[in-house]
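This report looks at helix packing, a nonpolar core and a group of aromatic rings. The sequence and the structure are shown first, and the account begins directly after them.

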Amino acid sequence: MLERIRLFLAKLDAQPQQETQVDFATALGALMVEVMRADNDIAPDELKMITQLLQQHCQLSAHSSDLICNQAQQLVDEAIDLHRFVKVVNDHTSEEARIEVIELLWMVAFADGKLDPQEDYTVRKLAGLMYVSHGDFIAAKLNVKGILGLPD
């Protein structure tokens with residue numbers, strides 16, 4: 001019995017771990033998808049916001065941003081955690097650019113006209129993983145509320 005367990009574990013160790021590399025746009029899309037899904041409600045306005053933001057900030061066509069959004073949703077479904085997506089974003093951005101990413105996440109959170117506590121928590125958690133200070137996190141939130149014309 002122990003020999004069979006050892007053989008099984010040896011096979012697992014011998015199998016290469018295949019985790020596909022994701023590019024910046026897909027990683028960003030995955031983080032936005034996670035914010036969208038935080039409240040267990042996928043609003044059409046939030047999906048539309050994600051594709052628009054990918055189009056604008058990653059210089060993509062409408063078709064490409066739709067494809068990346070769909071791929072990001074699939075990757076988030078399969079992911080155990082968000083660290084691989086956060087790592088790609090952190091590796092490809094400066095401190096200022098990470099604050100802009102947090103603003104994009106706020107844009108998704110506010111896209112349906114309301115902020116769910118789970119969306120707020122998810123953006124807060126991602127800001128921490130991206131080493132964005134609490135002050136910058138709050139400033140990004142207020143900036144997006146101003147852009148969208150939402151009350152404080």
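## Helix H6 and its buried residues

The buried residues of H6 are Arg-98, Ile-99, Val-101, Ile-102, Leu-104, Leu-105, Trp-106, Met-107, Val-108, Ala-109 and Phe-110, where buried means under 20% relative accessible area, exposed over 50% and partly exposed in between, with a 1.4 Å probe and protein chains only. These buried residues pack against H2, H3, H5, H7 and H8, a contact being heavy atoms within 4.5 Å. H6 itself has 16 residues and reaches 23 Å from its first C-alpha to its last, close to the 22 Å expected at 1.5 Å a residue; the expected span is 1.5 Å times one less than the number of residues. Helices (H or I, at least four residues) are DSSP runs, numbered from the N terminus.

The model is predicted, and local features need pLDDT of at least 70 while side-chain atom pairs count only at pLDDT 80 or more, although totals for chains, interfaces and linings use all residues. Residues are numbered from 1 along each chain as its sequence is written, and side-chain values use heavy atoms, with hydrogens and water left out.

## The aromatic cluster

A search of the whole structure finds two aromatic pairs, for which the rings of Phe, Tyr and Trp (its six-membered ring) must have centres within 6.5 Å, with planes under 30 degrees apart counted as stacked, over 60 as edge-to-face and the rest as tilted. The rings of Trp-106 and Phe-110 have their centres 5.7 Å apart and their planes at 25°, so this pair is stacked. Both residues lie in helix H6, four residues apart, which is about one turn of the helix. Trp-106 is buried at a relative accessible area of 0%, and Phe-110 is buried at 7%.

Trp-106 also pairs with Phe-137 in a tilted arrangement, 5.3 Å centre to centre and with 50° between the planes. Because Trp-106 lies in helix H6 and Phe-137 in helix H8, the pair ties together parts that are 31 residues apart in sequence. Trp-106, Phe-110 and Phe-137 form one aromatic cluster.

## The nonpolar core

The largest nonpolar core has 44 residues, and those with the most contacts inside it are Leu-31, Met-32, Phe-85, Ile-102 and Trp-106; such a core is a set of buried Ala, Val, Leu, Ile, Met, Phe, Trp, Tyr and Cys residues joined through side-chain atoms within 4.5 Å. H2, H3, helix H4 (62–78), H5, H6, H7 and H8 each supply at least two residues of this core, and H6 gives the most, with 10 residues.

Leaving aside neighbours within four places in sequence, Leu-31 is in contact with Leu-82, Phe-85, Val-86, Val-89, Leu-105, Leu-126 and Met-130.

## Helix H7 and its ends

Helix H7 (residues 117–129) has 13 residues and spans 18 Å from first C-alpha to last, close to the 18 Å expected at 1.5 Å a residue. Its buried residues are Glu-119, Asp-120, Thr-122, Val-123, Leu-126 and Ala-127. They cover an arc of only 165° around the axis, which puts them on the same side of H7, the arc being that of the directions from the helix axis to the C-beta atoms. What covers these residues includes helix H2 (24–37), helix H3 (44–57), helix H5 (83–91), helix H6 (95–110) and helix H8 (134–148).

Asp-116 caps the N-terminal end of H7, with a side-chain oxygen 2.8 Å from the backbone nitrogen of Gln-118. Just after H7, Tyr-131 takes a positive phi of about 60°.

Note on methods: Polar contact = N/O pair within 3.5 Å; in protein donor to acceptor, adjacent residues only side chain to side chain.
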